[in-house]
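Subject: A structure for you to look at

Hi,

I am handing over the structure I mentioned, and I hope you enjoy looking through it. Please open it first, then read on for what turned up.

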Amino acid sequence: MSKLIPFACLALLGAAASEVYAQTAPAEAVPEQAPSTLQPAAKPASQSANPASNPASNPAAKPAAGKAEQVLSPDGQVLPRITISGARADDMDERRRSTAGKQVYGREELDRNGDSNLGDILKRLPGVTIGGRPGRGGEIRMRGLGNGYTQVLLNGERPPAGFSMDSLSPDQVERVEVMRGPVAEHSTRAIAGTINIVLRDGYQQKDYQLKLSDSIEQGRHAPNVSLTAPLKIGAATVLLSGSIFENRQHDRGRTYNLDSDAAGVAHKEQTLHDESGRTGRGIHFTPRLSYKFDNGDTLNFQPFLMSLRSDGHSSSVLSQGDAVPPALSRPPEYSLARGDAHSSMSFLRGFGNWIHKFEGAAKLDVKFGFGTGHSSNDSLRKQYDGNGVLLERFQDSDSTRDRSFSTGGKYTAPLGRDHSLAAGWDVESARRSQTKTSLDKNGLPQFSDSGDNLSADTRRLAVFAQDEWDITPQWAAYFGLRWEGIRTTSSRAGGDVGNSSSVFSPLLHGVWRIPGHEKDQVRASLTKSYKAASVQDLIALPALSHWIGDPTRPDRMGNPDLKPELATGLDLAYEHYLGRSGIVSVSGFVRDIDNLIRRSLSQQQMADGLHWVSRPENVGHARTSGVELEAKFQLADLFEDAPALDLRANYSRFWSRVDGISGPNNRLDQQAKQTANLGLDYRMKGLPLTLGGSFNWTPATIVQTSATQVVDSGRKRAVDLYGLWKFNGRTQLRVSVNNLLAEDSLGGNVVATNGLSQLASTENQTFRVWSVKLETKF
């Protein structure tokens, strides 16, 4: 029955689209107006003009007969209407006009629920899921794929090493761009897709904006103060944006471990009760400078400064079960463990570009960037027996410094009306210096390189070209080529290692605007993309688990011989646009992946015994596919005199298969089978009050990660509600609750090897988060 769900959703959305089209058929067009003597500016790449915005090619865009306000000349002739607007196209317009499929979510979506972190916003977008527990952030994933398949950019650039999007306040973000397929001007390291986080800019900002908020979880407050201030100094436009914040979190969880042999006899049964707390403080500062020279050149520069400090503590109580026969019983590793940790991170990243316009509407856009950052982590863990005697003492210290520099450019030239050609380059250099020390209670190192300096250098070079062309009013195409090479080297006391890879990616995107149906269009893409191994996967220093002999919690190491994963992708989509900002769409995709990277388990002899080690390896071939449905509209677009109700719904279904691993659950690691979102907003009549909410659902998923390991990810269900009261046009108050259901997060891990089956099941609590936010302009 579950297999019929996608087809049922397709039928429902198809019926809705037919009904909507029947009720919103275009009015009879008026005769074509005389052409204006004003010529439109050349279009930027990936934003070709759509007939919907061109009256000469789209009758539906013209005023209906009898309704348009006509202007007459002295001799009684109708004069053409000319509208000039310097504002950026709205989110739905930009999505509709883009030849390479792109979804844009601006301040309306970012502010809707009053979220305190980007993860809660992104989880509601079509096809996007967030790893980890609700409310605790995690890896951003598109199409259910984790482990770096989704490319996440900050202002179109790769973010600094160690930077987490969860640490970025939504108030610092102008919009989020979601691209399902790669384009040449961005890296093609985007097998699942690309999410570009664009920081606040100031081209429309006129008022000072102050936001005061407080989030409460288990009675613990997390205040946040955000200020945005625009300035105009001669030809320079400055936008100052910053925030300071503090958060407090407390977690509880339970882990059950059971080891048994082939006959089902238990060899170990243990239950761990874990508890931890953390207090963090931070500051973000994101100014932006834009300067326009007399010759028309423009210089933009936006530094991003972030500083975070965190202190935490933890405790773990281990109890031994009685299912083990006395002859096999062994004392537990410890009875009580206590830990303290301190971490800090600060970095500065600068983004800039210089735009020079040539005659004939050609332009050169040269960009540059730099970054520097430092992070440190110190932890101390002590393990005691039942009598309070110290058994083990583990001290870990990690100090990492990152520096990077990048530059690139794009030259764009029109080849005629609605046709442009662009070519450019990207160069990036990054260096990491890391010192990691792991000592036991005797002050002895736990691995051979403990205390040594590790240095790693990554150099990336790319060149690209792209041709975007509205071939006819109904057909638009995008052709792109990109070559990208990456060289990673590292040195430490144990020796030098290096890894080189290069990828050539041809790209083809097309849009067909259905004749006679101005609100309907079909998209198709055929692309090559890849996933490069991360620096951590290539050359990482060991991460020790302190659980010797437990394959469910192994040590983790890198592998310098990894090759990039290569994918061939096909995307198809049908879109029907409704009213001002509505859409109904159905899309599907297929990705064929070679050189798949998976982590494998093996045992290695070390100084203190035989350890289980997890290490990434290229294991072969895989394929993934999926269907994504989306509906977003205002009820008034369908029915006259309907209440002011906005509806949003999306559903995604994913399939995958990894060759060489037996089924039925031989899926890509961490990929969810399904995900769905439902949301609505209601603007009350007679009161300045808007009420809304959303429901996010991801079912439990079982993945056979290797011949010996199965991982079970529990379901996620999150309900978020909000209320917004507008005192006037400049001040409003928002009250919200996230994760209203507060369901426990469940998971499991089973390893079967050497005649033993080792099971670990986890249960972690999640909590409601209440938030209050006051926003004012002055």
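Let me start with one residue. Asp 402 is found in strand S17, which covers residues 390–416. Please keep in mind that this is a predicted model.

Is Asp 402 buried or exposed? It counts as buried, because its relative accessibility is 15% and the cut-off for buried is under 20%. The side chain of Asp 402 also has a partner: a polar contact of 2.9 Å joins it to the side chain of Arg 432.

You will find Asn 353 in strand S15, residues 336–357. With a relative accessibility of 15%, Asn 353 counts as buried too. Its side chain and that of Asp 365 are joined by a polar contact of 3.2 Å. Which other residues does Asn 353 touch, once neighbours within four places in sequence are left aside? Besides Asp 365, the contacts are with Thr 298, Leu 299 and Asn 300, and with Val 366, Lys 367 and Phe 368.

Now for the chain as a whole. It has 36 strands and 5 helices. Of its 778 residues, 49% count as buried. Among the contacts in the chain with a separation of 6 or more, 66% are between residues 24 or more positions apart. The chain exposes about 35,600 Å², and 58% of that comes from carbon and sulfur atoms.

The structure holds 10 cavities of 30 Å³ or more. The second largest cavity has about 210 Å³ of space. Its lining is made up of 21 residues, and the closest to the centre are Gly 101, Arg 180, Arg 523, Ser 525 and Ala 573.

Where does that lining come from? At least two residues each are supplied by strand S3 (102–105), strand S21 (495–513), strand S22 (520–531), strand S24 (565–578) and strand S25 (582–606). S24 gives the largest share, with 4 residues. By residue type, the lining of the second largest cavity divides into 9 polar, 7 charged and 5 nonpolar.

Best wishes

Note on methods: Residues numbered from 1 in each chain as written. Predicted model: local features only at pLDDT ≥ 70, side-chain atom pairs only at ≥ 80, totals over all residues. Heavy atoms only, no water. 1 Å grid on protein atoms, 1.4 Å probe; cavity = no way out; pocket = protein on both sides within 12 Å on 5 of 7 lines; lining within 4 Å. Points joined across faces, edges and corners; volume = space filled by probe spheres on them. Nonpolar A, V, L, I, M, F, W, Y, C, P; charged D, E, K, R; others polar. Buried < 20%, exposed > 50% of the residue type's maximum accessible area, 1.4 Å probe, protein only. Polar contact = N/O pair within 3.5 Å; in protein donor to acceptor, adjacent residues only side chain to side chain. Contact = heavy atoms within 4.5 Å. Areas by Shrake-Rupley, 256 points an atom, 1.4 Å probe, with all protein chains shown as cover.
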